[in-house]
Amino acid sequence: MRLIEWFSEICNRSIEISYVIATVFLLRFLFGKLKLPKKYSYYLWGIPLIRMICPVSFSSIFSLFNVVWRVPAVRIQSNGYIPFQMQEPLNITGAGSGSTASIMQVVSEAPDHTGYFRILLIAYVWIIGILVLGLYSIFSFVRMGKMVKTAVRREGNVYECDHIGSPFVFGVVFPKIYIPFRMEESELRYIVMHERFHIKRKDHIVKLIFFFTAAVYWFHPLVWLAFCCMVRDMEMSCDERILVELGDDIKEKYSMSLLAFATNHRMNLAGPLAFGETSTKKRVRNVLNFQKPKTWIAIAGVLLTAAAAVVCLTNRKKDVTQAPNQTEAARKENIMDENRENRVEKLASVKRGEKKVSSESSKSVHAFLTKWAEAFCDRDADTIVSFSSDIVKESLEENEMLSKDQGGYTFGWSSPWPVGEGGYRILEEDEKRAEILYYAWTSDPHLTVWRESLEFRETGEGYQVSGDSIEELQEISSLDEFFKAYPGGVISNTMMDYEANGLGEFLNQNAEGQKESAYYGGFFTPEWSVRHLLNLSQDEALVSVEYMEDTSSVSIQFLREGAMISVGVIQPYGENGIWIPASYSGSSNLLAENEEEGIFIYGLISEEGNRDKIKMIIGEEENDFDCDWGYVGHWNKVEVYEKTEDGLPKVFAFTMLFENTGTSEIWRMFMVNRNDSGSYDLAEFMPKDYMAQARDMVEFVIDGEGVVKIWGNGKALEKETIPPESGSSVKAVLLDNLAFMNADESGLTMSLAVGYQENGKTVGVASHPLVFKVEYSEKSEFVLKDVKSDADRFVKPWPALSEE
Amino acid sequence: MEYLKLCDSDYRFMQVVWKNAPVNSGELVRLCQEELGWKKSTTYTTIKKLCQKGYIENTNATVTVRISRERVQAEESEYFVERTFGGSLPQFLAAFLGEKTISEKEAEKIKAMIDEHRNRE
């Protein structure tokens, strides 16, 4: 996996590098026209070199990447799904243009692993290339070392050496100058001077570093071209230096030496030579035409090189054209908030039973999906092909699902394959997308679930599938995968119900006769049977399955994420029969609790398999609420804020983990209030409702010395110094952005986004996590009471100014 | 009279030997280090090589001359270095850029260019 990540990084960078090298060539051409000394051209090559090596760079509004393009990303995902998205190419005009043209957009590809292995293979080829070049270099180095061993010292670090045609520097730490025997004394003077200058300037090391960097990008012709031109510029700048030192008089003589080295009379067996005709001629011409640079030219050279470095070494400042007043950090937070709100809205609409699809079109969509799924199960290639866009056809062919021969197309393979009635289940659908489950099986009584995500569009004649990806869920190792295969965690009365689908009976008969076999014997233990029949990963380090006798269930734990789900188990063929998985009927999907107060909140799964109800047990009372819930296995304490006269909890709040992607967790907070009639009201706590209160409590003050103080409760909470370049006219503004992060006994943690503005323009954004103590007021709402800084979560301001 | 031929570095070594022979091999290592900048191993390798060629003899750690100075001439060695991190580009890069050995004709052209420049001044 690491290898592929490195490879994709290098691929992405290669594209950037191309532009940088192209820019350098352009500038180099310009420098040539301006007759700038060659050393500036040589320095220019430092830019692509740094760009190739350095992992990070700074963003600036002067970046080349602002104007020219947005780097098309080649994203390689871990599941082998490889969308090569080339979006937003060459947006030359830059400013104000949000329109984008896609060169190529593969909507989606089917998910089998051939694509992944292909990338892996290419990555191996890449690594092997690097190794070959590395070995080649070591070999050459060793050979060279042998060659110069018998070189005879002439003076200092200058050695005369047999078998060489022209002078050079060899060695890294203690470099020596090697010259051929029998050089003229007068020649020797400037030749040695030339090589000494190389050493002084550390050219031999630059060359080595550049070469090994190029070896990493060995597949990139421009990089090699850059290397060659860099070497040429290096030599020419050295030539020029000698002319500056020794005067114009030696021009002809120096040129003759260069020519002599190139046509070398000593040379008999040389293969393709390094100093080919072009470079010798160019070098000679450069020497002959050289004039001592004037001061203003030197200044121009320095300035142009520096400008080039700023333009090429910095990254695109994010979204300068689209949202000049909004920095990346703020934008991200907004998106997060929007996503959350969208989801909550979506959930709410589902709860109300609204369907957005009009009945007429939904009918035809359903008919189309049914036809598709049936054709899939029947392996009806003609129908599949007629419904598929070219891209989908290609991706199906790539996955070897679809193949073409003389007789036309064939689709799928004989086994395992979803067959017959009940081979599929259409899960969700709207006008553009659908999720379909397929139950694939071999001749054995065992089912595996495939989940297909379809994207389609309406054409004049009907519908066409424009994107298709299929996931085989046969090594389930996360809750997410579990719910993908078994929506809502429901087993009973689905195709996976081995009692209802009839396969259980077969299994039972087979197992009865072979109780001793390792395979069939396993069905007599609920843990083994559930793991096997629900296609959970066999790896004990990823999934643990434990039988709970008292609730006749197994508890499945996905150890990587710490999530848990309960699945019921039944023994439908008698006490000595096999165990098979069933829907869980109890209520152990704990979401939050407070043992002392006797409050337990569980997630319930509806008959349709939706996780949209929660059960709240308060002492002896049970209350059900319509409320979507997400993860189990992580729970917090229920905080009681107020009690009734009878000692019953009156106002309390709890949080639950709604989504856990592994990298981000989304928690939701709910508030419960016991009304006069004795029933409970449930309301979700939304951070934005508390924005006004937070604004009143927190103040940002910037003093004359550029120190920002964050005030709350009449005391300074945090202190931050504004970077000096920002000037003293900066103002701090609380942005309309408050992200809810956590709730526990210490209070609510909310992240305040603060924008630093200068003349109405945002120059920086900081995220300040502050912990608010909350109290429940008489008006049935939470009040922020006290605030303190959460230093652990503090994100330093000015991210937009200092680094990416 | 026909001369025996040695490459330059061997010839330089022989000069040291002629000047000092007969000489103890340890002493020769020191002399070579001083005059040629050679390492011990380089000197010993060369002693061995020239013994085999019959120029010198090494018995009981004493090096003696077998062939007189008058019979030997230094000859320029053939040029066959594959240049790597020395003077210029690795070979495959030169090939990659299509840079070939400079031709007689091309050399003439450059020569003419230099001459022209000389005459102009």
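How many helices and strands are there in chain B? In this predicted model, chain B holds 5 helices and 5 strands. Read from the N terminus, the order of these elements is β-α-β-α-α-β-β-β-α-α. Chain B has 121 residues, of which 43% count as buried. For contacts in chain B with a separation of 6 or more, 57% are accounted for by residues 24 or more positions apart.

Within chain B, three strands make up an open sheet in the order β2-β4-β3, with antiparallel pairing. Its edges are formed by β2 (23–24) and β3 (56–59) of chain B, each of which pairs on one side only. Between β3(B) and β4(B), the latter covering residues 62–65, the antiparallel pairing extends over 4 bridges. One position of this pairing places Thr59(B) opposite Thr62(B) of β4(B). Helix α3 of chain B, residues 40–53, packs on the sheet and touches both β3 and β4 of chain B. The direction of this helix makes about 115° with that of β3(B).

Chain A comprises 804 residues, and buried residues make up 49% of them. Its secondary structure consists of 21 helices and 35 strands. Of the contacts in chain A between residues at least 6 apart in sequence, 57% join residues at least 24 apart.

A helix pair in chain A is formed by α1 (residues 2–33) and α8 (residues 221–246), whose axes come within 10 Å and cross at roughly 35°. The crossing of α1(A) and α8(A) is left-handed. On the α1(A) side, the contact is made by Ile17(A), Ser18(A), Ile21(A), Phe25(A) and Arg28(A). The residues contributed by α8(A) are Leu222(A), Val223(A), Leu225(A), Ala226(A), Cys229(A) and Asp233(A). By class, the residues of this contact between α1(A) and α8(A) comprise 8 nonpolar, 1 polar and 2 charged.

Strand β7 of chain A (residues 176–180) has two pairing partners among the strands described here, β5(A) and β6(A). With β5(A), residues 158–161, the pairing is parallel and spans 4 bridges; Glu160(A) stands opposite Ile179(A) of β7(A). With β6(A), residues 168–170, the pairing is antiparallel and spans 3 bridges; here Val169(A) stands opposite Ile177(A) of β7(A). The strands β6(A) and β7(A) form a hairpin with 5 residues between them. In the turn of this hairpin, Gly171(A) has a positive phi of about 115°. Because 4 of its 5 residues are buried, β7(A) is largely enclosed by the rest of the structure.

Strands β16, β17 and β18 of chain A are linked by antiparallel pairing, with 6 bridges between β16(A) and β17(A) and 6 bridges between β17(A) and β18(A). On the β18(A) side, Ser555(A) stands opposite Ser566(A). Of the 6 residues of β17(A), 5 are buried, so this strand is largely enclosed by the rest of the structure.

The largest nonpolar core contains 37 residues. Those with the most contacts inside this core are Phe482(A), Tyr486(A), Leu536(A) and Ile556(A). Two or more residues each are given to this core by strands β13 (433–441), β14 (447–459), β16 (543–548), β17 (553–558) and β18 (563–570) of chain A, and by helices α16 (479–485), α17 (503–513) and α19 (526–533) of chain A. When neighbours within four places in sequence are left aside, Ile556(A) is in contact with Phe482(A), Val530(A), Leu536(A), Val543(A), Ser544(A), Ala563(A), Met564(A), Ile565(A) and Val567(A). Another core, of 36 residues, lies apart from the 37-residue core. The residues of this other core include Ile10(A), Tyr42(A), Ala215(A) and Ala308(A).

Definitions and conventions
Residues numbered from 1 in each chain as written. Chains lettered and ligands numbered in written order. Predicted model: local features only at pLDDT ≥ 70, side-chain atom pairs only at ≥ 80, totals over all residues. Heavy atoms only, no water. Axes fitted to C-alpha atoms, helices over the stretch in contact; angles between N-to-C directions. Left-handed = near helix turned anticlockwise from the far one by under 90°. Contact = heavy atoms within 4.5 Å. Nonpolar A, V, L, I, M, F, W, Y, C, P; charged D, E, K, R; others polar. Pairing = 2+ DSSP bridges. Core = buried A, V, L, I, M, F, W, Y, C linked by side-chain atoms within 4.5 Å. Buried < 20%, exposed > 50% of the residue type's maximum accessible area, 1.4 Å probe, protein only.
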